Amino acid sequence: MKVILARWLLLKGKRFKLLISMLLPLIVTIVITSIYHYTSDDFRVPVAVVVEEDAEVTSIIEGLKDADYIKLDVYDDINEPLRNLEQYQYDSLFVFDADFNEKLQNNERRNIIESYYTDRSFTYDAVKELIASLVQEEVGQYRLSQQVQTLQEDWLGENNLSFNDIVDTKKEIEEETNLVNQKFNFQGQVMEESPESSLNPLLIYGYAVLIFAFFTFDFVTRETNSETKHRFLYLSVSYKTFMLVSFLSLTILMYGFDIISYFILMDSKTNLLILLTYRLVINAFVFFTAFLSRNILSLYVNALLIFILLLVTQFLLSIIRLPNGLTWLASFHPVEELVSNQHNIYLVALVLIIFFIWLRRDNLVRS
Amino acid sequence: MLEVKSLSKKYGEKTVFEDLELSAEAGEIIGLVGENGAGKSTLLKILATLSLPSSGEISLMNQTYRKNEKKLREYIAYVPQDIALFEELTVMENMKFFQKLSRKKVSKEDLKALLSSVNLQADQVKVSNLSGGMKRKLNLAVSLISDPKLLLLDEPTAGIDLRSRIEIGAFLKKLALEKNILIIYTSHDMNEIEQVCSRVVIIGEDPFYSKILKDFL
C-alpha cells in the first residue's frame, strides 16, 4: 500500500495526462470508426435502378445492394433518375420494364433491360456484368422451376409446387451443400466466421492501446535514468519492486477503461478476457521498452518503430500464407491474436518469464 | 566503527587504488582529498555498497560488508554529487516520498524538523525552482530520513554559494556531535576541509596534497 501511495505522489501532478492517455484509445477508436462509416458511403458508386410496375426483381435488387462498391437507389419512374444521371449524380441507370419477367419466361435473352450511362461513367461495365450474372441466375431459376413442374406433371400427374416453392427449396439446398461456402473444421474445433468487410473496431483499439501505453509508461524511462534510482538501495523496497507494483497498479487501472471500452465498442463475439490479456502483454512490452530506453526521445522513436513493425507484419500475415511448420509465428503478433479472438497465451507466458528473470537479476548493476 | 583493510579497486588493468587502510569512529568527520581520478568517489561508492571492491575487507559496526551488505544498508546514507531528487515535486513531497518507503518510521513533524535543521523552509516550492544551494540541502536532508550511522557525501557543496556551504558545514559538525554519526565526504575545498573535518585522509600518490595539507593544517 505504501508503494502505491508513493507512486501516486509521483503521478499526482500528471493525473490529467494519465487520464487522457487511458481514455484516448476509446476516443480514437470511436472517431476513426465513425469517420469510416460516414465516408464509406462516399466511396461507393451511386447507381439508380427503375423497377416498373409488375416487374418482380427483388432478388436482383438484393444482389445489387449486397455489392460493397454500389450505393443503390430504386425508383418506380424513370424521369427523376434520368435527370439525375444527366447531372452526373448517378454513374449509370438500369430500367426493368413491367414485362421483364415475361421476357425471361419466354426465353428472351436480348434487350430485356434498358441502361443509361454518361461520358463520366467508370463502373458501368462492372455493374452491367453484375446485373447480367444476377439475371442469369434468375433465368436459371425459371428453367429449374419449369423443369421440376414438367417432371411433376409427367410423373406424378399433379402440379402443386409453385415457382416460389421450388426456388426456396433450391436456395436451402444450396446453402447446406454449396462447396464454395462450406467451412471445414477439425473435429471439435469451431471456426470463427471471417469478419465482414467493414472496419474492425478491435483492430483500431488494439493499435491505439499500444501507442498510448507509451505515453502512460514514459515515467519509467525518466525515473530509470535518474539519480533517484540509487536511493532505493537504502529504502525498504527495491527499485524493481517499486516499478513492478507501479506497473501492476496502472495495468489494473487501465483494465477499468478497457472494460468500459468493451461495452461501448465491441460485439458479443469479442471475448473480454482476450482484451484484458492483450492489455497485459502490451503494457509489459511497453514497460520493458521504457525501462531499456536511455531517454524520452529514444522511447518515442522506439514506439513509432514498433508500431510500424507490427502494422507491416500484420499486413504481411494477412496476405502471405505461412508454411505449415511456421504457423505458430502468427501467435507472437499481439494485435493479430487480439483480432483473431485468441488469448495471446504464448506472449503472456513470455511476459511472465521476462518479469521473473528481470526481478532475479541484481537490482543495481554494480561494477 | 568502520574498518577498511587492504582495500583495492581495479578496472581491468587499471588500478584505482591499492591496499587502502582506514579506521574511523562514530562522531568523526573525515575528509577525503586527492587529485582527480585518485579514487575518492570510488571509495565512497564502495563504502555505500554501490560498487564492489576488487579485494580487501570492510566492516561496519563489527559486521563485514561481504556477508551483511543488505543489512548494513539500514545504517548507511549516501548523498551523491548529482542531485537525486524528483524535480517536479515540492520539497515536502520529496521528503514524504522517501519517508513512505523508508525503513524507519518518521513523522511529518520529524520531516519538518529535518528541513529546519538544514535551514530549508520553502517546503512547498518545487525542486526545479530551488537554487543550487537549496537543492544540495534537500539532497542531504532526504538522505538523513533513515537516521543513518554512516553518512557518505560526494562533494556536497560543489558549485553552491558561500553561505550555503557554511551552513552545510556547520550542520554536518552539529550532526556528527549530536547524533554520533560517522561522516565521510570528499571535497576540493581546503577551507571547508579545515573548518569541518576532524581528520583528513589523502587518496592517491600526488605529493602536492601532502604538502598542501601540512601548510594548511
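Strand 1 (residues 2–11) of chain B is joined to strand 2 of chain B by seven bridges, and the two run antiparallel. Strands count as paired when DSSP finds at least two bridges between them; strands (E, at least two residues) and helices (H or I, at least four) are DSSP runs numbered from the N terminus. The model is predicted: local features need pLDDT of at least 70, side-chain atom pairs count only at pLDDT 80 or more, and totals for chains, interfaces and linings use all residues. Residues are numbered from 1 along each chain as its sequence is written, chains are lettered from A and ligands numbered from 1 in the order in which they are written, and side-chain values use heavy atoms, with hydrogens and water left out.

**The sheet of chain B**

Contact means heavy atoms within 4.5 Å.

Strand 1 (residues 45–51) of chain A has six of its seven residues buried, where buried means under 20% relative accessible area, exposed over 50%, and partly exposed in between (1.4 Å probe, protein chains only). The table gives its pairings.

| Strand 2 (residues 70–75) | parallel | six | Asp73(A) |

From strand 1 of chain A the chain passes through helix 3 (residues 58–66) of chain A to strand 2 of chain A, a right-handed β-α-β crossover. Right-handed means that, with the strands pointing away from the viewer, the path from the first strand over the helix to the second runs clockwise.

Val127(A) lies in helix 6 (residues 124–156) of chain A and is buried at 0% relative accessibility. Beyond its neighbours within four places in sequence, Val127(A) is in contact with Val47(A), Leu64(A), Tyr69(A), Ile70(A) and Phe94(A).

**Aromatic rings**

Over all chains there are 29 aromatic pairs. Rings of Phe, Tyr and Trp (its six-membered ring) pair if their centres lie within 6.5 Å; planes under 30 degrees apart count as stacked, over 60 as edge-to-face and the rest as tilted. One edge-to-face pair is Phe232(A) with Tyr239(A), at 5.3 Å centre to centre and 70° between the planes. Phe232(A) is buried at 4% relative accessibility, and Tyr239(A) is buried with a relative accessible area of 4%.

Phe232(A) also pairs edge-to-face with Phe97(B), with centres 6.3 Å apart and planes at 75°. This pair crosses between chains, from the loop between helix 9 (218–224) and helix 10 (239–265) of chain A to helix 3 (residues 91–100) of chain B. Phe97(B) is buried, as is Phe232(A).

The charged end of Arg231(A) sits over the ring of Phe98(B), 5.5 Å from its centre. Such a placement requires NZ of Lys or CZ of Arg within 6 Å of the ring centre and within 35 degrees of the ring normal.
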